[in-house]
Amino acid sequence: MATAPSVSSLISELHSRCHSLSAIKQLHAHILVLASHHTPFPYNHFLSKLLSVSSSTTTAAAASDYALLLLTSHPAPTAFSFNVALRFFASSRPRTSLQLFLRMLRSALRPDTYTLPFLLLAAARCPAPSFAVSAHALLHKLGLQHHDHTVHSLITMYSNLGDPCAARRVFDGILHRDVVSWNATIKAYERAGMAADVARMFRAMVAEGAVVPNAVTVAVVLAACRDAGDLVLGRWLEGWVKSEGIEVGSLVGSALIGMYEKCGEMGEARRVFDSIADKDNVAWNAMITGQVSTHPLVSYTQNGMSNEAISLFYSMRQAGARPDKITLVGVLSACAAVGALEIGTELDSYASHRGLYSNVYVGTALVDMYSKCGNLNKAVEVFGKLPCKNEASWNALICGLAFNGRGQEAIRQFELMRNEEGLRPDDITFIGVLSACVHAGLLEDGRRWFNSLTPEFQIIPKVEHYSCMVDLLARAGHLEEAWDFIEKIPGKADAVMLGALLAACRKSKNVEVSGRVIDRIMQLEPSNSWNYVVSSKIYASSDRLDDSARMRGLMRERGVNKVPGCSWVEVSGRVLEFYAGDEPQHGADDMYQLLDMLVDETRLEGYVPDLDLV
């Protein structure tokens, strides 16, 4: 049997070599075998070591469970033991942290300056507002109301709970404010969407002059400018940064990029991006995810510049940066927007190789990409492989099936989603469900689901839900009912739903309803060529040739040009855009020859093109 000193030295030597949960468990077993009954087990050392290996997402849950077992088996846990455990669970399992704190109090152990910050974090993450107020009172009882780190945590707690007024009261009570307390309070206003208060507090900080704003301060204020679309303040802030000599590194640069992108200033965003000397993933991701519209999932993606986003992705890899989960979500969204299936499939392999399938956002983006690229079978396959699915994952599949005409299958997936514990359909889910009803011609089912939105699911119908119902009624031939439905919509009907009804009127040659729709849609979209062309055709088909000519004349009078059609073709990893016209584009003569052959083949099969809207 080894002596206490030899066991202690063995532990010290082996402990530093443990870099995984399995190694820690092996050491634990060795100690139990080698140690005598008189040698105490080093519980605190093991708790600390578990904390260091829990950063890995693959072992975090197992390490948490193991840490809880260790603490439970500790015959006489100290305040240090509880502090380590509280830190362990504060973010990942906040309720466990709160329960451990109550157990700490029952053990007659006194909380200290290390205990309170993690307790406050857990109270915010739960969220547990009543517990948070009690923790605040305890902080005063322990005389820690002037301890810097604890007070900063208190402000952050109220910020996370969405109570910026309480955070401001704590800030106002600080005798000696530092940059952390200023930043935490400004962040509380930013989280609550109170952009005007963010600007006022930043200006007060500058005017007071006792504390100099740092890069974090600037990034928070820029985030508020981004959310509020305040380009004026954002530009002024960039000028202020330069005048103060603050380095535009990754943090400030990424915030500037995000602000300019949200305000539609893509050239300015690119200028800032190019000026960043050492670009890390944060800077690359800010630029990539700023280019594509990713509704309902994630922006060169938010601004319809998907090809630029894809090009940036390759530039990122050439620069030696390693794409992460945020990069993949942005680029997959870009692929979905332009139908770049080949590149998307390459990213699928990359995600699989890097073990990123376990990330629900990457998995959801893959489902969305395959759906929008038309490969529904692959979308269903990827969805089935996801170890964790949230509402967005189900929405991507349901909407993908619905928008590709597989309405019945979309409804079946919706029913499966409803049976999943902990998941609740949201407004996007029902856009997919109602779209499925449209494509499958399920009029009564569509009525039933629409009417259940508020009473059963507490969802206030949005314009997209109303558009689906108008489309559903119109396709079923209920044109008068569709018009009455539009008239009862809170607020004004948009051009999308009016366009759907107008198309149905054209198909059924209903001039009476179409006349009302034409008057309304012309007010909303006087520069949309499609409205004039369809209206002219509707009048022409009803022998109202004067009205048909009037619409054509009105189109010329207002200088409205017909927008040329556009399509995308992916060739060797490049997405090429083709616009309707006579001149060959991209030097792709072989594509045009193949297209001519396909047209000839279809004509031989008896196909007659519908030129009604040309």
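Where does Asp543 lie? Asp543 sits in the loop between α31 (529-541) and α32 (545-557), with helices (H or I, at least four residues) and strands (E, at least two) taken as DSSP runs numbered from the N terminus. Before we go on, please keep in mind that this is a predicted model, in which local features need pLDDT of at least 70 and side-chain atom pairs count only at pLDDT 80 or more, while totals for chains, interfaces and linings use all residues. Residues are numbered from 1 along each chain as its sequence is written, and side-chain values use heavy atoms, with hydrogens and water left out.

Phi of Asp543 is near 60°, a positive value in a residue other than glycine. Asp543 is also exposed, with a relative accessible area of 67%; here buried means under 20% relative accessible area, exposed over 50%, and partly exposed in between (1.4 Å probe, protein chains only). Gln458 has a positive phi too, of about 55°, although it is not a glycine. You will find Gln458 in the loop between α26 (443-457) and α27, and at 53% relative accessibility it counts as exposed. Another loop to visit runs between α7 (115-125) and α8 (129-141), and it holds Pro127. The peptide bond leading from Cys126 to Pro127 is cis, with omega near -10°.

α5 passes α6 in a left-handed crossing, a term used if the near helix is turned anticlockwise from the far one by less than a right angle, with clockwise giving right-handed. From α5, Ala79, Phe82, Asn83, Ala85, Leu86 and Phe89 meet Pro94, Thr96, Ser97, Leu100, Phe101, Arg103 and Met104 in α6, contact meaning heavy atoms within 4.5 Å. By class, this contact of α5 with α6 has 9 nonpolar, 3 polar and 1 charged residues (Ala, Val, Leu, Ile, Met, Phe, Trp, Tyr, Cys and Pro count as nonpolar, Asp, Glu, Lys and Arg as charged, and the others, Gly among them, as polar).

Helix α23 (residues 391-403) and helix α25 (residues 427-440) pack at an angle of about 20°, and their axes are 8 Å apart. That makes α23 roughly parallel to α25. The crossing of α23 and α25 is left-handed. On the α23 side, Asn395, Ile398, Cys399, Ala402 and Phe403 take part, meeting Ile428, Thr429, Ile431, Gly432, Val433, Ser435, Ala436 and His439 in α25. The residues of this contact divide into 8 nonpolar, 5 polar and no charged.

Next, look at single residues within helices. Tyr158 belongs to helix α9 (residues 148-160) and counts as buried at 8% relative accessibility. Leaving out residues up to four places away in sequence, Tyr158 touches Val133, His136, Asp163, Ala166, Ala167 and Val170. Leu222, in helix α13 (residues 215-228), is buried, with a relative accessible area of 1%. Beyond its neighbours within four places in sequence, Leu222 is in contact with Gly234, Leu237, Val252, Ala255, Leu256 and Met259. Asp471 is in helix α27 (residues 463-475), and at 18% relative accessibility it counts as buried. With residues up to four places away in sequence set aside, Asp471 touches Val438 and Ala500.

Finally, consider the aromatic rings. Rings of Phe, Tyr and Trp (its six-membered ring) pair if their centres lie within 6.5 Å, with planes under 30 degrees apart counting as stacked, over 60 as edge-to-face and the rest as tilted. By this rule the count comes to 15 aromatic pairs. The rings of Phe273 and Trp284 have their centres 5.1 Å apart and their planes at 75°, so the pair is edge-to-face. Phe273 lies in helix α16 (residues 266-275) and Trp284 in helix α17 (residues 281-288), so the pair ties together parts that are 11 residues apart in sequence. Phe273 counts as buried at 2% relative accessibility, and Trp284 counts as buried at 7%. Elsewhere, ring pairs link Phe414, Phe430, Trp449 and Phe457 into a cluster.

How values were computed. Axes fitted to C-alpha atoms, helices over the stretch in contact; angles between N-to-C directions. Parallel < 35°, antiparallel > 145°, perpendicular 65-115°, else oblique.
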